[in-house]
Amino acid sequence: MGVRLDLPALANQIRAARGLAHKRDIDAVVARLGLGGRHATVPVGDDCAAIPDGDGHLLFAIEGFLDGFVAADPYFAGYCGIMVNLSDVAAMGGRPLAVVDALWSRDAAGADPILAGLSDAAALYGVPIVGGHTNTRAGTGNLAVAVLGRAGPRLLTSFDAAPGDDLIAAIDLRGRFREPNPYWDASTGAPGARLRGDLALLPGLAEDGLVAAAKDISMAGLVGTALMLLECSRVGGVIDLAAIPRPDGVPLARWLTAFPSFGFLLAVRPDRTPAVLARFAERGIAAAGIGRLDASRVARIRDGIEEAVVWDFVGGPLIGCGRTDAEAAP
């Protein structure tokens, strides 16, 4: 018999994780800017801003990187500038059009590995870098990258999960950690055609009407990302920890706070779950139903029959998005 998890302790560890703490900063910002309500055509809280355009949507997103990360692994920081933005576009059912970067470094030599990472990822993923901002006389190294994409009329959003939906996790396990960091790298060294084809799964699912709600797994980790999805959709749910796709030999606690280079959560109507799982399986990506959503607005984790609460959205917000207009009013 295996050792049972200390679920309350694990729930506390998830809430205290650095990646989730950074997401909590969003609440004050959206409140100050008045962006927390649901009145917009596509409310704030998704992986990209979605702007209605003709018969579809333009997608616009940006990622900024901590200076410590840029200093410690400049090549991978540049690479991630492309990779994570393209995941944001895919998570909304879109395809990328172009990226721009803003780069600061002390000198040209410090900028070079960052630029190499940007260039290599752009080539592998087949997306052009069309401009940006560069300063190689700055006091420290910093990087931000923005992406423009396009989706059709059917978006994948953080706001369209519903009670009764299956929660599916799809993660590429064909990678390794970039030790000692929590970054699961299933991208560098992989064939570009495979990377592009894998990302194309998400717009395909949107266009075929198989999925309505999705989010890419961020530095908040799998459960932390699920919290943001549930909050925006004003639902609750339970996550079965044993069902989460996980690489052999990786402890559960570490995996729950890892950032996978290809990882998505999808809310799927149960009758469509087999078709969705089959599409990921066809491309060698691990995917499984890991829980069921409900109307409770309470997020829980489960180990067998025992459960622990990770977040009660009735008691307080995480990122502050998805409020009703009355809740969002100052």
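In what follows, Ala, Val, Leu, Ile, Met, Phe, Trp, Tyr, Cys and Pro count as nonpolar, Asp, Glu, Lys and Arg as charged, and the others, Gly among them, as polar. The structure described here is a predicted model.

The largest share, 9 residues, comes from α2.

The second largest pocket has a volume of about 150 Å³. Its lining is made up of Asp 67, Val 70, Ala 71, Pro 74, Ser 105, Arg 106, Asp 107, Gly 110, Ile 114, Thr 140 and Gly 141, which divide into 4 nonpolar, 4 polar and 3 charged residues. Both α3 and α5 (108-125) supply at least two residues of this lining, and the largest share, 3 residues, comes from α3.

## Enclosed spaces: the cavities

A search of the whole structure finds 3 cavities of 30 Å³ or more, and the largest cavity has a volume of about 70 Å³. Lining the largest cavity are Met 83, Ser 87, Tyr 125, Asp 172, Ala 186, Ser 187, Leu 195, Asp 198, Leu 199, Ser 261 and Phe 262. By class, these residues divide into 6 nonpolar, 3 polar and 2 charged. The helices α4 and α6 each supply at least two residues of the lining, with the largest share, 3 residues, coming from α6.

| Space | Volume | Largest share of the lining |
|---|---|---|
| Second largest pocket | about 150 Å³ | α3, 3 residues |
| Largest cavity | about 70 Å³ | α6, 3 residues |

Helix α5 has 18 residues and reaches 25 Å from its first C-alpha to its last, close to the 26 Å expected at 1.5 Å a residue. The buried residues of α5 are Ala 111, Ile 114, Gly 117, Leu 118, Ala 121, Ala 122 and Tyr 125. Among these, Ile 114 also lines the second largest pocket, whereas Tyr 125 lines the largest cavity. The cover over the buried residues of α5 includes the helices α3, α4 and α6 (192-199), together with the strands β3 (94-104), β4 (129-135) and β5 (142-151).

Helix α8 (residues 221-233) has 13 residues, which should span 18 Å at 1.5 Å a residue, and its end C-alpha atoms are 18 Å apart, in agreement with that expectation. Because 13 of the 13 residues of α8 are buried, this helix is largely enclosed by the rest of the structure. After α8 comes Arg 234, whose phi is positive, near 60°.

## Cysteines

The structure holds 0 disulfides. A disulfide would need a pair of cysteine sulfur atoms within 2.5 Å; the sulfur of Cys 48 is 13 Å from the closest cysteine sulfur, in Cys 232, and is therefore too far away for a bond. Cys 48 counts as buried because its relative accessibility is 6%, and Cys 232 is likewise buried, with a relative accessible area of 0%.

## Two strand residues

Phe 259 lies in strand β11 (residues 259-260) and, at 10% relative accessibility, counts as buried. Not counting residues up to four places away in sequence, Phe 259 touches Met 83, Val 84, Pro 182, Tyr 183, Trp 184, Ile 217, Ser 218 and Met 219. One of these contacts, Met 83, is also part of the lining of the largest cavity. The C-alpha atoms of Phe 259 and Asp 88, which are 171 residues apart along the chain, are separated by 13 Å.

Glu 306 is found in strand β15 (residues 306-312) and counts as partly exposed, at 42% relative accessibility. With residues up to four places away in sequence left aside, Glu 306 touches Arg 4, Leu 7 and Ile 301. Its C-alpha atom and that of Leu 5, 301 residues apart along the chain, are separated by 9.6 Å.

Key. Residues are numbered from 1 along each chain as its sequence is written. This is a predicted model: local features need pLDDT of at least 70, side-chain atom pairs count only at pLDDT 80 or more; totals for chains, interfaces and linings use all residues. Side-chain values use heavy atoms; hydrogens and water are left out. Helices (H or I, at least four residues) and strands (E, at least two) are DSSP runs, numbered from the N terminus. On a 1 Å grid over the protein atoms alone, a cavity is a set of points where a 1.4 Å probe fits but cannot get out, and a pocket is an open set with protein on both sides within 12 Å along at least five of seven lines; lining residues have an atom within 4 Å of a point. Grid points are joined across faces, edges and corners, and a volume is the space filled by probe spheres set on the points. The expected span of a helix is 1.5 Å times one less than its number of residues. Buried means under 20% relative accessible area, exposed over 50%, partly exposed in between (1.4 Å probe, protein chains only). Contact means heavy atoms within 4.5 Å.
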